[in-house]
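The entries follow in the order in which I looked.

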Amino acid sequence: MTLRLPYPDGGLRAYEPHAEPRALTPGAPFTSRTVFSAAHVVADPLADTTPDGPAAVDWDATLAFRRHLWSHGLGVAEAMDTAQRGMGLDWPTAAELIRRSAAEAKVSGGRIACGVGTDQITAGTLAEVRAAYEEQLALVEESGAQAVLMASRALAAAASGPEEYLEVYGHLLRQAAEPVVLHWLGPMFDPALEGYWGSADLDTATDTFLDVIAAHPDKVDGIKVSLLDARREVELRRRLPQGVRCYTGDDFHYPELIAGDEQGFSHALLGIFDPLGPLAAEAVRVLDTGDTGGFRELLDPTVELSRHLFQAPTRFYKTGVVFLAWLAGHQSHFTMVGGLQAARSLPHLAHAYRLADGLGLFPDPKLAEERMRNLLSLHGVNQ
């Protein structure tokens, strides 16, 4: 049965949903690349909350989604921006998320890395920023998860230049028990991070970033770069010390960056692998066999969906990610912490549905169609 879907021009046009899903089965972890999916949280739709109040999480559904990712061989990047850190997920709830997910990873045998930030404070001195980082690092290490040192809004506000970044990160790396992942999140994901590493000039900022790594290469497992600039990422990964990995966070150019070139490749830590998990896993297994062409054949067609979800304002990509999880049957509702389900328009969501359906991402296309139909009805679009 056709659906009448809204378009950005205000019109409605008929769409014929796909009848069959893509056949994608669980499998073992990969051999050629280390791949993390940054995972979203499932809100509790029955909780009496306000947009600026504490987050209410459906723990059962949230952990079930992580088991889904692990079953396909993906690692889980927990409590990062895809989980709405700083956009609805407060620090006490993020701390509980880290504890629960890390415990679940031990039971499931899944790989997990967790975000370490400073979001228990909104501003402060450099000493207070460092203390906030230390508190979160201790929690992640106690949980048994790998730490991802995320970019800090408070540090961006407190630091006056590169020296403060070198001081704070140097201190944290010296005390880290195990090698960490350093995360450089660009201002398109969070405007408060403009000028991170002490300069708005990306070449200067890159030099400072590399200085941090060069001073402590034994404490840096890798870097996660989210600048949406493939050329810059390639240049950066070629300058990394031996043994330090580059985990692409580029949701626009991930197929080519993971495939790599004659001088190297990127591993992955991506928000788009939340909705693409099973398909991305199948593609990486093809890459494990040395079939780069087959890998690109599977993954290249997904870029249009990713670019749509991550279009400006990029930070609202989480809305599309959760929307697709609802359509795919991973949760029973389209509600987000902080009310972020309202951050994208109905035409935007309708196009995300069309693209995901065309890729065969929905395990039950009839369920996805029914839920899309209900959403349209709720917005006054009768079929």
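**Entry 1: helix α2**

I began with helix α2, residues 91-108, whose 18 residues reach 25 Å from the first C-alpha to the last, close to the 26 Å expected at 1.5 Å a residue. I note here that this is a predicted model.

I then looked up which residues of α2 are buried, and found W91, T93, A94, A95, L97, I98, S101, A102, E104 and A105. The cover over these buried residues includes α1 (59-71), β4 (75-78), β5 (112-116) and α3 (126-143). Just after α2, I found G109 with a positive phi of about 75 degrees.

**Entry 2: helix α13**

I turned next to helix α13, residues 346-358, which has 13 residues and reaches 18 Å from its first C-alpha to its last, close to the 18 Å expected at 1.5 Å a residue. Is α13 mostly covered or mostly open? I recorded it as mostly covered, since 10 of its 13 residues are buried.

The buried residues are L346, H348, L349, A350, A352, Y353, R354, L355, A356 and D357, and they pack against β1 (3-6), β2 (12-15), α11 (303-309), α12 (317-327) and α14 (365-378). At the start of α13, I saw a side-chain oxygen of S345 reach to within 3.1 Å of the backbone nitrogen of H348. Just after the helix, G360 takes a positive phi of about 75 degrees.

**Entry 3: the chain as a whole**

The C-alpha trace spans about 60 × 50 × 45 Å along its principal axes. For 383 residues, a compact globule would have a radius of gyration near 21 Å, and the 20 Å I noted for the protein chain agrees with that.

Of the 383 residues, 58% count as buried, and the accessible surface of the protein chain comes to about 15,000 Å², of which 51% belongs to carbon and sulfur atoms. I also looked up how far apart in sequence the contacting residues lie: among contacts between residues at least 6 apart, 71% join residues at least 24 apart.

**Entry 4: aromatic pairs**

How many aromatic pairs does the count come to? I wrote down 18 aromatic pairs. Y165 lies in helix α5 (residues 162-175) and W197 in the loop between β7 (180-185) and α6 (202-215), so the pair ties together parts that are 32 residues apart in sequence. Y165 is buried, with a relative accessible area of 1%, and W197 is buried as well, with a relative accessible area of 0%.

I then looked at F189 and Y317, whose ring centres are 6.1 Å apart and whose planes stand at 85 degrees, so this pair is edge-to-face. The pair links distant parts of the chain, with F189 in the loop between β7 and α6 and Y317 in helix α12, 128 residues apart. I found F189 buried, with a relative accessible area of 5%, and Y317 buried, with a relative accessible area of 1%.

Key: Residues numbered from 1 in each chain as written. Predicted model: local features only at pLDDT ≥ 70, side-chain atom pairs only at ≥ 80, totals over all residues. Heavy atoms only, no water. Helix = DSSP H or I, 4+ residues; strand = E, 2+ residues; numbered from the N terminus. Expected span 1.5 Å × (residues − 1). Buried < 20%, exposed > 50% of the residue type's maximum accessible area, 1.4 Å probe, protein only. Contact = heavy atoms within 4.5 Å. Polar contact = N/O pair within 3.5 Å; in protein donor to acceptor, adjacent residues only side chain to side chain. Rg over C-alpha atoms; globule rule 2.2 N^0.38 Å. Areas by Shrake-Rupley, 256 points an atom, 1.4 Å probe, with all protein chains shown as cover. Phe/Tyr/Trp six-rings, centres within 6.5 Å; stacked < 30°, edge-to-face > 60°.
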